[in-house]
There are 2 protein chains.
Amino acid sequence: MKPPAVVLLSGGLDSATCLAIANSQGFACHCLSFDYGQRHNAELQAAARVVKALGAAGHRVVDFGLAQFGGSALTDPAIAIPTGGIQPGIPVTYVPARNTIMLSLALAWAEVLGSRDIFVGVNAVDYSGYPDCRPEFIAAFERLANLATKAGVEGCKLSIHAPLIHLSKAAIIRAGNALGVDYSLTVSCYQADEQGRACGICDACRLRAEGFAAAGLTDPTPYRI
Amino acid sequence: MKPPAVVLLSGGLDSATCLAIANSQGFACHCLSFDYGQRHNAELQAAARVVKALGAAGHRVVDFGLAQFGGSALTDPAIAIPTGGIQPGIPVTYVPARNTIMLSLALAWAEVLGSRDIFVGVNAVDYSGYPDCRPEFIAAFERLANLATKAGVEGCKLSIHAPLIHLSKAAIIRAGNALGVDYSLTVSCYQADEQGRACGICDACRLRAEGFAAAGLTDPTPYRI
């Protein structure tokens with residue numbers, strides 16, 4: 001029987017690749033998506049399409065109301081998505097503590113499933129400078145997970161797998177392509193419309209387009225302009 | 001102007017005392033409660049009463065659907081609350097990753113508020129053996145918080161305050177009593193009824209009753225039997 005893993009799945013390019021990698025490593029993948037009041041809700045539809053295409057042992061969507069806190073361009077409609085090009089520093093699309101919250105909920109589900117493995121598609125090379133995408137953050141969360149849980153206390157080592165963390169966007173796309181990921185199903189844009197069509201000018205669109213160009217592959221992203 | 005703090009508030013004895021302590025230390029307390037599908041929902045009403053009595057800068061309730069994962073007597077109606085007395089080991093009332101999730105959501109709100117201080121009323125002396133109530137868990141979360149956030153990366157040291165962690169239940173009650181906490185407003189029971197009346201036989205009821213007895217104070221808990 002395949003060992004169970006929890007895979008965080010946003011519906012974007014990175015998490016779809018991460019699911020393909022976890023599947024290829026022989027895990028029974030339980031995918032976890034979130035409705036946290038994000039502006040780009042088209043990604044939840046994309047997550048469902050990706051699960052159907054790649055296969056998974058299960059898929060759940062957990063709601064948590066980050067919009068009531070605001071403080072990010074992704075959760076507060078009053079803060080505009082930057083479209084002028086990637087700038088140094090942490091952008092306003094940073095959602096406070098988002099990856100900590102998502103990994104915490106994944107940890108809860110993993111413990112109930114009896115899983116020791118959590119996959120997350122964070123990337124610290126071609127990324128937006130978010131603090132919770134760095135290797136030191138993942139290592140600190142893994143340490144916390146083993147102190148926080150009954151499983152950890154009882155000696156079952158929990159692992160946080162971040163297989164994309166040291167890959168360039170181009171390398172991620174090549175890896176996913178080799179594993180049969182259909183990137184036309186994924187949505188990366190921070191302000192995709194309801195049909196999942198991308199703006200082409202936000203940081204996420206720019207990183208994605210540059211990644212496909214560097215990989216020498218055609219980007220199947222549908223743009224609305 | 002008082003510095004802002006986020007205070008986790010369940011509506012139980014410990015978190016009410018923790019709020020009183022944070023208030024006494026001069027913080028403007030933003031209280032955070034959770035509706036996670038817990039069986040003892042009377043505690044949310046208790047949290048609102050405690051906020052009104054002790055005073056706070058704000059109070060929010062965040063929903064997150066832990067009940068869909070189950071795996072705990074507090075979130076799954078099919079698992080009975082133990083009532084036979086406190087046993088060694090981690091009991092079935094342990095909710096997987098609960099304190100990690102709650103602290104993560106507190107971290108998100110703290111970052112939006114510009115707060116560097118989070119208070120949590122965990123206790124590692126007269127407690128139920130939960131792994132996420134231990135000092136090493138709190139230290140690991142504080143370390144994580146400073147790696148996870150924009151605030152941490154930019155050099156604002158975030159602190160997780162657990163002022164009750166080394167106190168006995170009797171010492172907590174004496175401290176709260178000295179700060180004017182009205183414990184009749186709080187609900188500790190794992191299976192309180194809708195009026196907040198306690199069962200008297202679950203672990204939480206036993207710890208509370210023993211604490212009042214050891215403190216030499218009258219327990220104002222209303223019991224339903």
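Start with confidence. The model scores ipTM 0.91 and pTM 0.93. Chain A has an average pLDDT of 91. In that chain, 98% of the residues score at least 70. Where pLDDT is low, predicted coordinates should not be read in detail.

Take the sheet of chain A next. The sheet is open and has five strands, in the order 3-2-1-4-5, with parallel pairing. Strand 3 (58-63) and strand 5 (159-161) of chain A stand at the edges. Each has a single partner strand, so one side of each is left without a neighbour in the sheet. Neighbouring strands of this sheet are turned by 25° against each other on average, direction ignored.

Now look at the pairings. Strand 2 (residues 28-35) of chain A runs parallel to strand 3 of chain A, and six bridges join them. Strand 1 of chain A is mostly covered, with four of its five residues buried.

Helix 2 (residues 42-54) of chain A lies across strand 2 and strand 3 of chain A. Helix 2 of chain A runs at about 170° to strand 2 of chain A.

Turn to chain B. Its open sheet of five strands has the order 3-2-1-4-5, with parallel pairing. The edge strands are strand 3 and strand 5 (159-161) of chain B, and each pairs on one side only. From one strand to the next, the twist averages 25°. Strand 1 (residues 4-8) of chain B runs parallel to strand 4 (residues 117-119) of chain B, and three bridges join them. Within this pairing, B:Ala5 stands opposite B:Asp117 of strand 4. Helix 1 of chain B packs on the sheet and touches strand 1, strand 2 and strand 4 of chain B. Its direction makes about 160° with that of strand 2 of chain B.

At 1.5 Å a residue, the 13 residues of helix 2 (residues 42-54) of chain B should span 18 Å. The end C-alpha atoms are 18 Å apart, which agrees. Which residues of this helix are buried? They are B:Ala42, B:Glu43, B:Leu44, B:Ala46, B:Ala47, B:Val50 and B:Val51. What covers them includes helix 1 (13-24), strand 2 (28-35) and strand 3 (58-63) of chain B. After helix 2 of chain B comes B:Gly55, whose phi is positive, near 90°.

B:Ala42 leads on to another glycine. Leaving aside neighbours within four places in sequence, B:Gly196 is in contact with B:Ala42, B:Val187 and B:Pro222. B:Gly196 is in the loop between helix 6 (169-178) and helix 7 (203-215) of chain B. Its relative accessibility is 9%, so B:Gly196 counts as buried; the cut-off is under 20%. B:Gly196 and B:Arg143 are 53 residues apart in sequence and 37 Å apart in space, C-alpha to C-alpha.

The buried residues of helix 4 of chain B include B:Phe137, B:Ile138, B:Phe141, B:Leu144 and B:Leu147. What do the buried residues of helix 4 of chain B pack against? In chain A, they pack against helix 3 (98-113) and helix 4 (135-148). In chain B, they pack against helix 3 (98-113), helix 5 (150-153) and strand 5.

That brings in the interface. The contact takes 39 residues from chain A and 39 residues from chain B. Chain A and chain B bury about 3400 Å² between them, with 70% of it on carbon and sulfur atoms. In chain A, A:Phe69, A:Leu144 and A:Leu147 lose the most area to chain B. Together they account for 18% of what that side buries.

Methods:
Residues numbered from 1 in each chain as written. Chains lettered and ligands numbered in written order. Predicted model: local features only at pLDDT ≥ 70, side-chain atom pairs only at ≥ 80, totals over all residues. Heavy atoms only, no water. Helix = DSSP H or I, 4+ residues; strand = E, 2+ residues; numbered from the N terminus. Expected span 1.5 Å × (residues − 1). Buried < 20%, exposed > 50% of the residue type's maximum accessible area, 1.4 Å probe, protein only. Contact = heavy atoms within 4.5 Å. Pairing = 2+ DSSP bridges. Axes fitted to C-alpha atoms, helices over the stretch in contact; angles between N-to-C directions. pLDDT = per-residue confidence, 0-100. Buried area = accessible area lost by both parts, 1.4 Å probe.
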